[in-house]
Amino acid sequence: MGNLETIWEPAFITPYAAIVVNQPIEDQQLLLDILAGATLTVFADGAANHIKDLKLTGPEEQQSIPDFICGDLDSIRPEVQAHYEKNGTKVIHDHDQYSSDLTKSLKCIQNNIQSPMHAVIVGGIGGRFDQAFSQLHHLYTASQESMLPNCQIFLVNPQSICFLLEKGLNRITTPVGPGLFAENIGIIPIGRPSVISTRGLEWDVTEWHTEFGGQMSTSNHIKSEIIEIDTSERVLFTIEMERSHEP
């Protein structure tokens, strides 16, 4: 369908910058795990309130100090901003009213990295339904505008991880098991209709037209550790996480 080929390894994202968006924290351990592995961290405006309200102490508190807080700063509480600034966080007041705090945070990463790295967005698809759609919209826009060239952007919540597949052939490493992934995936044509072919799923398709109001591949199942999706347009890929928790 296309000559381009993109490799995805969502279970082994490295190196990456972490962005925490302004939504309640659903899974504190997931948040801390992502922050611990990040090369650079950005809190999007009021996200700093949610992290401060966790009342973390000791190493966890130090781990949660971001490199940057970015946005129009209409949500962060003054005492929270002062706390993080005292601990070395750089606060960037971006006055652009035509971009979201997520887009501002992606721009912050773009301006402050010396070499390519991926972006992991925490909380981008939880909370209010309209905000979730807004995050997907800005993910799509960022992908179109190549805000982070040679980098991949992932949205993570406690249940799933999702990302926009590129046009052409996408090879996705999808190990199933505890601490990795469950078998459930979806392929969602969020931008425009697409024609897809898949390999490695329970219900594979060939030259299959997919669009809202027509056919969509949701609740499909992984049957191979590497699956292939060839697509004529960018489509959203979602996969369920199989997180292991200590008893």
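How many nonpolar, polar and charged residues are in the lining of the second largest pocket? I looked this up and found 13 nonpolar, 2 polar and 2 charged residues. I count Ala, Val, Leu, Ile, Met, Phe, Trp, Tyr, Cys and Pro as nonpolar, Asp, Glu, Lys and Arg as charged, and the others, Gly among them, as polar.

**Basis.** I worked on a predicted model, in which local features need pLDDT of at least 70 and side-chain atom pairs count only at pLDDT 80 or more, while totals for chains, interfaces and linings use all residues. Residues are numbered from 1 along each chain as its sequence is written, and side-chain values use heavy atoms, with hydrogens and water left out.

**Second largest pocket.** I noted about 420 Å³ of space here. Of its 17 lining residues, Pro-10, Ala-11, Leu-30, Ile-34 and Met-241 are the closest to the centre. A pocket is an open set of points on a 1 Å grid over the protein atoms alone, where a 1.4 Å probe fits, with protein on both sides within 12 Å along at least five of seven lines; lining residues have an atom within 4 Å of a point. A volume is the space filled by probe spheres set on the points, which are joined across faces, edges and corners. Helix α1 (28-37) supplies the largest share of this lining, 3 residues. Helices (H or I, at least four residues) and strands (E, at least two) are DSSP runs numbered from the N terminus.

**Largest pocket.** I recorded about 510 Å³ of space. Its lining has 25 residues, with Leu-136, Ile-188, Ile-190, Leu-236 and Thr-238 closest to the centre. Helix α6 gives the most, 8 residues. By class I found 13 nonpolar, 11 polar and 1 charged.

**Sheet.** I traced an open sheet of 5 strands in the order β1-β9-β14-β11-β12, with mixed pairing; two strands pair if DSSP finds at least two bridges between them. β1 (5-8) and β12 (208-210) each have a single partner strand, so one side of each is left without a neighbour in the sheet. β11 (residues 194-199) and β12 pair in the antiparallel sense over 3 bridges. Val-195 has His-209 in β12 as its bridge partner.
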